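Here's a two-chain model to pick apart. Let's take it in short questions and answers.

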Number of protein chains: 2
Amino acid sequence: MKPYAEMTRDELAQEVRSLRAEYHRYQGMALNLNMSRGKPCLEQLDLSMGLMDALNSDADLSCEDGTDCRNYGVLDGIAEVKKLMAGMMENNPDEIIIYGNSSLNIMYDTVSRAMTHGVMGSTPWCRLDKVKFLCPVPGYDRHFSITEYFGIEMIPVPMTPTGPDMDIVESLVSSDEAIKGIWCVPKYSNPQGYSYSDDTVRRFARLKPAARDFRIFWDNAYGIHHLYDDDQDYLIEILSECRRAGNPDMVYKFASTSKITFPGSGISALATSLNNLADIRSQLKHQTIGHDKVNQLRHVRFFGDIDHMKMHMRKHAEILRPKFEAVENILEENLGGLGIGSWTKPKGGYFISFDSLPGCAREIIDMAKKAGVVMTEAGATWPYHRDPRDSNIRIAPSYPPLDDLITATRLFSLCVKLVSARKLIASIDEGH
Amino acid sequence: MKPYAEMTRDELAQEVRSLRAEYHRYQGMALNLNMSRGKPCLEQLDLSMGLMDALNSDADLSCEDGTDCRNYGVLDGIAEVKKLMAGMMENNPDEIIIYGNSSLNIMYDTVSRAMTHGVMGSTPWCRLDKVKFLCPVPGYDRHFSITEYFGIEMIPVPMTPTGPDMDIVESLVSSDEAIKGIWCVPKYSNPQGYSYSDDTVRRFARLKPAARDFRIFWDNAYGIHHLYDDDQDYLIEILSECRRAGNPDMVYKFASTSKITFPGSGISALATSLNNLADIRSQLKHQTIGHDKVNQLRHVRFFGDIDHMKMHMRKHAEILRPKFEAVENILEENLGGLGIGSWTKPKGGYFISFDSLPGCAREIIDMAKKAGVVMTEAGATWPYHRDPRDSNIRIAPSYPPLDDLITATRLFSLCVKLVSARKLIASIDEGH
């Protein structure tokens, strides 16, 4: 089939008629599928059932240093789990604080603490007239939700396949003291699956922020979440690179086991400089007596070491890879060469980013929903839910069973074609 | 022995010589005992080892409503655990939000949210010139630590055996709009083990705060933590009482299973009005995708229902009761009738409150420490660690084995006598 843009009005009208008939067939199927969130599927969850046997009533719940994990104490995580997470995060155990079950919660608390108490002695952000964050777009909706909740102005910065546009980032960060942070998903980014290039990471580490309390919020959510064993992205480790660049305190790095064991029942961690850690501990000691050490020990006993964790991730990849490839193949089969959409082909992470013709995303998502397929809502990948081009759609292939995913992706492709064809007809009618 | 105050200078000096010899014997024992924190002891922790078998790899990790506890979702707790905690807290399940492992963390987050976002639409506290909290004294150091961290001015209010002095509370709360909260441990209070009388609870529910965003922070930490099966304190349920009194939104109620199963690996909960819950959920959804549901399910499967939880608490009582009684008996044997100290005799909770002669607490604690017995530090039970009379000492009998506890309490009594006798001699020498 030729590109839609090269079709006549009649050809497009004929296409719409045929697509509409097909859409009605889908509506008749009473589908109820969900591609909206990066949720592991049942088979992935089953991989970690052994976690439930890692500790039982015969187990010794003591740490190597003798700490009884059942009792109070240990503010920032037991030594064994710091070591495990250090392997995962490519940091030293003493650069790490272990938190509860949610790295999102760490990020929220980190922003909240800066609002009320500043960063390493700076003016609390709530006392400033204006606080701004840079938001690479499209990006992760829950990041934007945190900064929006705290009234922080969000400035979109375009993403590229090698990371955020660093010319823009450098220029803004060095010139505006109100810019206090930037949200980053540096590896297998949400939603594109892009990984920051060496050059991007080096430029991040060498930023010269106007604000001394500027921090990079480095959400390494998918650090070991590869799809391919033989084709993985590697990143320069940002904390070391910041130190080398003379900016040792500039980055907060976040990670969790949410998509390794059980979402919501895992271990989250923050890695940063010793100065930042001291600042954070001076707050954390007021907030809690410590996070769940039994669950920390459970994870350590289940994995043993980082090598076993990486082997575990290969099993996730075997489940996820066919799903990503199915989506990519169906998109190619149905939309390839039509010039009405482009999409990413990630080597890891949880999402595929799709860009429709301008002004079509919302309608595509609505149509899919009316036929029983829920996608991430339009605009979600932009601050304030405002995608100025109304074109970005996040596809989450992980959760539905493969058959459902295939059906859902076919329907999605159909909706893309139908909405695009109508749009082009309208455009012709308007005389463009 | 007669009261120290009735002794002559010579008698006191003789007493000091004899006590000092005894103290030296203790020093020679190289003791290393800790009565500083309300930590459960090993036997108490062992009571909950069955928790580790409540879920294994053969278990169905689904809720009654079909929710897969392993995956993302359920912001405020699974239905089963709400029901369990509702039984414990004497509230309706729909009045409850389940949090992570720490009720202290809920209290911190509650204050933090009020600082940045106010309470149900009120002005964020961080924008006000002055925010004050009432602090019944002596009280819980970690409460005071939260308000101090946020720069909230703490006003001490005297505790009585029936609760805080309500004349003072009523007068301050109704006259000062800057007073936004009061810290309460209403049952088996920390450190006295006092329980608020019906009259106190009713007067709390009928407060007429000048500030519409005034909240009672009702930390019901020891709601089912009785020492005696046949002699328990009962409280009027505050949330219902506030509703009856026309103040439905005035209280936040906190609880956890930290001293029921494993400290730090339990379930915490907040109970409050539906209006407050809506306000809190509108924040919580930005902070987390949800707390650890697997651990929630683990607790539900372990206990089954509130009756089994209460039976479980009887086993705790059997371990704790002899410890409390040992401390009380030793204090009576050694200090009874001497007029140099008074102490409480709680029917539940984790602490005994001791009051020395004015100006002696710090020195008593120092002396005990130098002989190898660590007590809660002097002043800890007062805001800013400032006990104006330097007389209150919190005794935590739970953690040490009984033999150690007996030794520690004997040493403590000795230190009380020695410091008091010296004080009285100094007083005579100064001509008082």
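Q: Which residue's backbone nitrogen does the side chain of Ser195(B) reach?
A: First, the ground rules: this is a predicted model, where local features need pLDDT of at least 70 and side-chain atom pairs count only at pLDDT 80 or more, while totals for chains, interfaces and linings use all residues. Residues are numbered from 1 along each chain as written, chains are lettered from A, and side-chain values use heavy atoms, with hydrogens and water left out. Ser195(B) sits in the loop between strand E6 (179-184) and helix H7 (198-205) of chain B, helices being DSSP runs of H or I with at least four residues and strands runs of E with at least two, numbered from the N terminus. At 3.1 Å, its side chain gets to the backbone nitrogen of Tyr188(B).

Q: Is Ser195(B) buried or exposed?
A: The cut-offs are under 20% relative accessible area for buried and over 50% for exposed, with partly exposed in between (1.4 Å probe, protein chains only). Ser195(B) comes in at 11%, so it counts as buried.

Q: Which residue of chain A does Arg70(B) form a salt bridge with?
A: The rule wants a side-chain nitrogen of Lys or Arg within 4 Å of a carboxyl oxygen of Asp or Glu. It finds two salt bridges across the interface of chain B and chain A. For Arg70(B), the closest N and O atoms are 2.7 Å apart, and the partner is Asp46(A).

Q: Which element gives the largest share of the side of chain B that touches chain A?
A: Elements giving two or more residues include helix H2 (42-46) and helix H4 (103-117) of chain B. The largest share, nine residues, comes from H4(B).

Technical notes
Polar contact = N/O pair within 3.5 Å; in protein donor to acceptor, adjacent residues only side chain to side chain.
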